[in-house]
Amino acid sequence: MGEAPALFVGDLQNGFSNGCDLKSKGFETAMIVGDKKYVIGGNDDELALSIGVRIFDKSTNTWSIPTFLGTKPKPCKGFSAMLLDEDRICLIKRASPPEDRIWFLEVDTQFVREQKRILGTDVVAWSKGVVGDAQKPIVISGPSGVGKGTLISKLMKEFPSMFGFSVSHTTRAPRDKEIDGVDYHFTERSVMEKDIKDGKFLEFASVHGNLYGTSVEAVEVVADAGKRCILDIDVQGARSVRATPLEAIFIFIRPPSFEDLEKRLRARGTETEEQIQKRLRNAKEELKQGESSGLFDYVLENDDLEDCYLRLKKLLGLDGSAGATFKSSPQTVNLPSPIDRPVAKRDYKILTNCGENLLGLDVSSLKGGAPGRTRGLKMYTMNSFSDGINGIEERTNDYELMWY
Ligand SMILES: Nc1ncnc2c1ncn2[C@@H]1O[C@H](COP(=O)(O)OP(=O)(O)OP(=O)(O)O)[C@@H](O)[C@H]1O
Ligand SMILES: Nc1nc2c(ncn2[C@@H]2O[C@H](COP(=O)(O)O)[C@@H](O)[C@H]2O)c(=O)[nH]1
């Protein structure tokens, strides 16, 4: 995060202007970023399913509705908003459940700029805020038949409350015993292509003749359950995820030999001979890329299954060693409700005046972001009360901060 902008106050319900180019109208507010004015509020559609955003471009004098990426926040009874780093807007929703309270609207982050270039339209991306440092997602890649699914199932079985599987979408037909929504979201190509176009996917790739992809929602659902997300995706998908702010750990699984891989694929008995040949052809390229590209943080050889599983657990720090794990599991934001006064911001500390007590958010160490969750939010309460935003600002340093 760069230099903090000056104190910025936003209250969206009372319809005031704060002299910082922020104007409110009913439940709408406008934020200026560069040549553009982002009007946030109202409803996104007639069904009132989410908070709307429209953009006024001062250079062309035109209004537009941007392409939305990420899960949109549901409408609420008002919200406060602050511009952070000139590239995202932090929204604190009123009277909303704690896990739905803090949202970020990214308007000019690297991810949004890249998506604008790809889609050729104006783009904004929603990302929900999560308190604390959630553990990094785990991307597991490797050629078909190497044993990725088997290893992941073992992890999920041994640590059901710790890990959650990112359920991918695919256009391939379900195998016997595969369950829609559990193993995959089995889908029509035309539907998936439209969803990709609409920005609903974190990554996608054509694999062995079918389309596979990880939706943003698949990853968010796991994060919301407070679990560490595991993605089973091919090498192309891993490369795409590397280019997003997801900050995952990338593990490549390789077979002891190509012959072993072929044996496993045949023994599984789920593919036709033609499909096996295609998967083996692709495996050669995947093995080359997986082991040489520097894309992966770890390469594990799946020789003996139990032995490989032990090594996987070790690198994830599940054998008592530090491994590659990170702090605690995510906490959701727990602001008291309703927030019925404006919000003040200085040096990445956002203060909300909630009547009897003050509540703060520290946004100085944000991580991740769209597509997915914005992590690294810190929350604190203050054990004294001060009237008015200016008072709060001046007296902040006198108060003891109690961090969650
Ligand atoms: N270490 C191992 N030794 C022998 N067989 C194994 C080993 N690991 C997994 N297998 C077996 O190999 C087959 C393929 O494993 P699995 O389905 O987990 O592979 P995968 O990498 O997930 O494949 P895909 O990418 O096609 O989904 C399964 O029948 C599984 O039981
Ligand atoms: N890029 C992505 N690859 C994915 C995804 N989900 C699965 N996969 C990979 O596809 C192959 C084949 O899987 P199968 O179930 O048909 O055997 C395998 O390598 C998976 O890792 C995804 O969402 N994106």
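This is a predicted model: local features need pLDDT of at least 70, side-chain atom pairs count only at pLDDT 80 or more; totals for chains, interfaces and linings use all residues.

Modeller: Residues are numbered from 1 along each chain as its sequence is written, with chains lettered from A and ligands numbered from 1 in written order.

The division is into domain 1 (6–133 + 332–401) and domain 2 (142–315), bounds that come from an automatic or database domain assignment. Between them, 15 residues of domain 1 are in contact with twelve of domain 2, contact meaning heavy atoms within 4.5 Å. The buried area is about 1,000 Å², 51% of it from carbon and sulfur atoms; this is the accessible area (1.4 Å probe) that the two parts lose on being put together, summed over both. Two salt bridges are counted between the domains, each a Lys or Arg side-chain nitrogen within 4 Å of an Asp or Glu carboxyl oxygen. R373 forms a salt bridge with E220, their closest N and O atoms being 3.0 Å apart.

As for the core, the largest nonpolar one has 24 residues, of which L155, F163, I251 and L316 touch the most other members; such a core joins buried (under 20% relative accessible area, 1.4 Å probe, protein chains only) Ala, Val, Leu, Ile, Met, Phe, Trp, Tyr and Cys residues through side-chain atoms within 4.5 Å. Leaving out residues up to four places away in sequence, L155 touches F163, I230, Y309, L312, K313, L316 and L318.

Notes
Side-chain values use heavy atoms; hydrogens and water are left out. Buried means under 20% relative accessible area, exposed over 50%, partly exposed in between (1.4 Å probe, protein chains only).
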